[in-house]
Amino acid sequence: MKSKAQKALEQYEMLPRGSRVTVALSGGADSAALLHFLCSLRKERRLELTACHVNHLLRGEESERDEAFVQDLCRDWQVPLQVFREDVSAGAAAAGESVELFGRRIRYERLYKAAEGGLIATAHTLSDRAETTFINLLRGTGLKGLCSIPPVQGRIIRPFIFCTREEVELYCRDNGISYVTDSTNLCGLYTRNRVRQRVIPALREIQPAFYTVYSRMLENLSQDEAYLEGQAGELLQRAQGSQGLKAEVLAGQHPAVLFRVLRQFLDREGLPCEEVGIKGIGCLLQTGAGRVQLQKSCWIGLSGGYLTVFREEKKLIMEPLEVRPGPLPENPLAKGQLLLVNYEQFTNLQKLECNILKKTIDYDKIYGRLFLRQRKEGDYFRSAQRGVGKPLRKWWNEQKIPPQRREWVPILADGCSPVWVRGLGADERVCPTEATVRFLVIDIEEEET
């Protein structure tokens with residue numbers, strides 16, 4: 001077992017010298033053996049070794065027994081230990097999740113917290129990997145699911161990924177390592193337990209060299225998966241545009257590569273990578289328009305040749321705010337200032353900024369008071385630059401500004417109509433001329449992208 005674990009460390013460069021490593025320690029044979037193995041490397045590799053135990057409070061006295069056991073073990077082996085006690089049953093009910101799913105999520109959250117940016121070592125074995133492959137197979141998985149648990153996943157390392165559970169238990173016996181047994185591992189109600197107790201033994205009876213041929217299959221599948229993921233990554237980079245993914249780059253791509261491109265894209269955006277959503281996006285590329293909802297407040301739309309993520313923004317309701325030359329009063333719509341300058345000062349500013357006219361109005365052409373406000377039904381705008389007038393909504397349609405973003409566009413308006421709109425500039429009605437005496441320069445921050 002030790003040689004296989006060493007091979008995993010070297011092949012995947014899991015454990016650089018001087019690493020800080022936190023061991024996920026349940027107290028079972030696998031995790032106890034892992035802690036012992038890493039302790040044997042502590043001096044040689046100058047490791048800063050710690051452990052983390054999460055008590056799910058699911059098994060009454062047995063859970064308390066496990067916690068006490070890992071505390072004694074870490075004290076004997078001089079390994080700092082962090083213990084988290086989590087009422088997983090209550091938490092799962094509150095979150096509307098299964099106990100198993102919620103417990104796994106909480107466990108990894110606490111592991112990341114304990115690791116403080118360092119590596120996390122988990123005791124997953126080749127046996128765990130085989131079980132996961134068949135569980136995924138029963139769910140109709142693809143190539144990635146068949147590859148099962150990866151040896152390295154971000155900051156998570158799995159040194160025992162080449163070792164079977166039998167080899168780990170033999171290591172414990174040979175080294176006098178005691179451990180505890182989780183009684184739920186014997187329960188036949190869980191899918192993993194049934195695969196472990198019935199499916200794998202049946203396969204090993206048919207093929208005594210099961211783990212050897214399974215490992216060979218994993219190696220072949222992993223190579224194929226790595227190649228396809230690499231091709232998808234390159235295509236994703238080529239497809240990236242200013243407004244999202246360029247549809248023309250993705251159209252006609254092989255489904256195996258396109259599926260991975262979209263999965264990588266969704267993962268990067270922090271969105272659920274479910275097959276139904278990815279297939280829905282694929283349909284958008286075929287039809288050329290439409291949208292697919294991925295979450296309650298998030299969807300992907302295809303228009304103007306781009307696949308774009310739209311998120312429902314928090315609604316903004318702001319009363320019109322009277323403004324005067326000087327810094328804008330604090331408000332959620334815009335930051336900046338209004339500069340009132342004479343002809344000579346404006347001429348000097350023009351030398352520094354060639355596009356300043358787009359954000360300048362004739363102060364004396366303002367009708368009544370000046371307000372900073374949101375859009376209003378019926379707003380009409382005549383562009384000073386283009387000499388064309390149309391309803392504001394039509395300007396925004398042409399600019400492809402999503403409806404949910406329009407209420408966040410700052411507008412300066414007088415008693416008559418808008419005089420300046422961010423992204424459109426000044427209205428022709430208040431545009432400066434040679435006769436202008438007082439120039440109002442609108443210095444409002446651009447929208448963050």
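Serine 63 is buried, with a relative accessible area of 4%, where buried denotes under 20% relative accessible area, exposed over 50% and partly exposed in between, for a 1.4 Å probe and protein chains only. This residue belongs to helix α3, which covers residues 61–77; helices (H or I, at least four residues) and strands (E, at least two) are DSSP runs, numbered from the N terminus. When residues up to four places away in sequence are set aside, serine 63 touches Asn55, Leu57 and Leu58, a contact being heavy atoms within 4.5 Å.

The structure is a predicted model, in which local features need pLDDT of at least 70 and side-chain atom pairs count only at pLDDT 80 or more, whereas totals for chains, interfaces and linings use all residues. Residues are numbered from 1 along each chain as its sequence is written, and side-chain values use heavy atoms, with hydrogens and water left out.

The chain contains 16 helices and 22 strands. Its radius of gyration, taken over C-alpha atoms, is 31 Å, well over the 22 Å that the globule rule gives for 449 residues, so the chain is more spread out than a compact globule; the rule itself is 2.2 Å times the number of residues to the power 0.38. Along the principal axes, the C-alpha atoms fill a box of roughly 95 × 50 × 40 Å. Of the 449 residues, 45% are buried, and among contacts with a separation of 6 or more, 67% join residues 24 or more positions apart.

Helix α12 comprises the 14 residues 255–268 and reaches 20 Å from its first C-alpha to its last, close to the 20 Å expected at 1.5 Å a residue, the expected span being 1.5 Å times one less than the number of residues. The buried residues of α12 are Val257, Leu258, Arg260, Val261, Leu262, Arg263, Phe265 and Leu266. In general, an α-helix has 3.6 residues a turn, so residues three or four places apart point the same way. Glycine 270, which follows α12, has a positive phi, near 70°.

Asparagine 348 is placed in helix α14, residues 343–352, and, at 39% relative accessibility, counts as partly exposed. Between asparagine 348 and isoleucine 157, the separation is 191 residues in sequence and 62 Å in space, C-alpha to C-alpha.
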